[in-house]
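The following exercises are to be worked with the sequence and the model in view. Each task is followed by a solution in steps.

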Amino acid sequence: MGNHATMAAMTTDNAAWVARDLAHVWHPCTQMKDHEQLPMIPIRRGEGVWLEDFEGGRYLDAVSSWWVNLFGHANARINAAVREQLERLEQVMLAGFTHEPVIRLSEALTALAPRGLTRCFYADNGSSAVEVAVKMSFHYWRNVGRPAKTRFITLSNSYHGETLGALAVGNVQLYKSIYQPLLMDVITVPSPDCFEREPGESWAGHCRRKFAHMEAALREHAHEAAAVIVEPLVQCAGSMRMYDPVYLELLREACDRHDVHLIADEIAVGFGRTGTMFACEQAHIRPDFMCLSKGLTSGYLPLSTVLTTEPVYEAFYDEYVKLNAFLHSHSFTGNPLACTAALATLDIFRTDDVLARNRALSAHLGRRSRELESHPHVAEVRQHGMIAAVEVVRDKVARQPYPWQERRGLKIYRHALGRGVLLRPIGDVVYFMPPYVITPEQIDLMIEVAREGIELATCD
Ligand code: PMP
């Protein structure tokens, strides 16, 4: 102990912290050997859109720390709310017990969500919320006497998390293929991804055409399908590929017609990211299950929830001995500190007219990022609200990507870090998903640094 305290006192610069980190910390989504070359950035503090390292270096968090942060780091209002809750109750199990923050949060979320989502089941991260929705849908059909409905329909290029159930219903092969022997078998339908639209075709036209695959899958598999799971409007981890709301409208109608649940994974797109509070609103639909996490607590604390309907809830409501209950649990289900951060988040939405302010910001983001479209190695710039993405390719006309092994996106990442901006391209797709407290001038900086990075990474 004494030794550690002395070491902490002595560790004042980046290199010393990095050495200690690399001795013991195994990082997520990382080939650790990369860090023989790639600098690790130890962060001492955050403020607003900025992260600061141990030597005073600052980085504009253009990706909201994996899309979780909405209102900046160390936000005074959220800090105050969590601090106050900390003095009262840090944690209590949610089975047999309850607490004020989880009650108030459930009231607020059900009031805010598409009409008819009246019940909240909590977990503590996005993947776990997906597991909950998948298990609940399967279990619902069993409880109502249709046990053959056990399969899930998913879109190509989708992403729903890393735990085995969530990985199974996702489709990004980089994360999935190695684990295939461990995963349940799903029905995969081509994504409506509008990057693949024909020249001159509208987003809506492309999505209507692509929907034929989903209609066919539903027709063939409805008898054995529990649910369709989608990321509404943006396949974020799937290189920020986007589609039109009309696809969700068609999907809702078809799921109803075929008696199959619709699971909307709004973990990344919820809480204003695409311009509306929830992306589903743009299609005027209500899913049967809506998964929320990330921005739910403004990225402060791990929390997730699955909202569902009264009919689903009622299918589980029975005498204990019938064993129809949903017995899923996590130790930290509905943690009071996390629920308090979520309540403070919703409070900011209510008092600060965030969605209206974001409309101006996203117009600026769109205007500035579309300037990159003229670059000879940019095939497309696309946007939904506060997400904009730049598709960097080898051949602009043929839309041919660079060989992935060349890791051009990594060059952009490194350049941006040197310029004080945290961009984290997905492959060769540079995207901007900043906290909502970003200013137009900071957007300009972010775009300028991306432009330089793209120039640098494509010059040979
Ligand atoms: N679903 C979507 C759409 C996501 O973007 C993510 C995380 N990137 C997840 C699920 C998984 O969430 P978590 O990382 O908290 O497990």
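**Exercise 1. Describe how the side chains of strand β16 are directed, and identify the strand that pairs with β16.**

Solution. The model is a predicted one.

Step 1. Locate β16, which covers residues 429-432. V429 and Y431 point one way from this strand, while V430 and F432 point the other way.

Step 2. Decide whether these residues are buried or exposed. The term buried requires a relative accessible area under 20%. All of V429, V430, Y431 and F432 are buried.

Step 3. Find the partner strand. Strand β14, residues 387-392, pairs with β16 in the antiparallel sense, and four bridges link the two. Within this pairing, Y431 of β16 is the bridge partner of A389.

**Exercise 2. State the order of the strands in the open sheet that contains β1, and explain why one side of β1 has no neighbour in the sheet.**

Solution. 

Step 1. Write down the order. The open sheet has four strands, arranged β1-β2-β3-β15, and its pairing is mixed.

Step 2. Strands β2 (residues 50-53) and β3 (residues 58-61) run antiparallel and are joined by three bridges. W50 is found opposite L60 in β3.

**Exercise 3. Characterise the interface between domain 1 and domain 2.**

Solution. 

Step 1. The domain assignment places 12-74 + 354-457 in domain 1 and 79-352 in domain 2. To their contact, domain 1 contributes 31 residues and domain 2 contributes 32 residues. The C-alpha centres of the two domains are 26 Å apart.

Step 2. Count the polar links. There are two salt bridges between domain 1 and domain 2. Residue pairs in polar contact across the interface number 15.

Step 3. Identify the contributing elements. Those that give two or more residues to the side of domain 1 touching domain 2 are α3 (64-67), α13 (354-370), β13 (378-384), β14 and β16. The largest share, five residues, belongs to β13.

Methods. Residues numbered from 1 in each chain as written. Predicted model: local features only at pLDDT ≥ 70, side-chain atom pairs only at ≥ 80, totals over all residues. Heavy atoms only, no water. Buried < 20%, exposed > 50% of the residue type's maximum accessible area, 1.4 Å probe, protein only. Pairing = 2+ DSSP bridges. Domains from an automatic or database assignment. Contact = heavy atoms within 4.5 Å. Buried area = accessible area lost by both parts, 1.4 Å probe. Salt bridge = Lys/Arg side-chain N within 4 Å of Asp/Glu carboxyl O. Polar contact = N/O pair within 3.5 Å; in protein donor to acceptor, adjacent residues only side chain to side chain.
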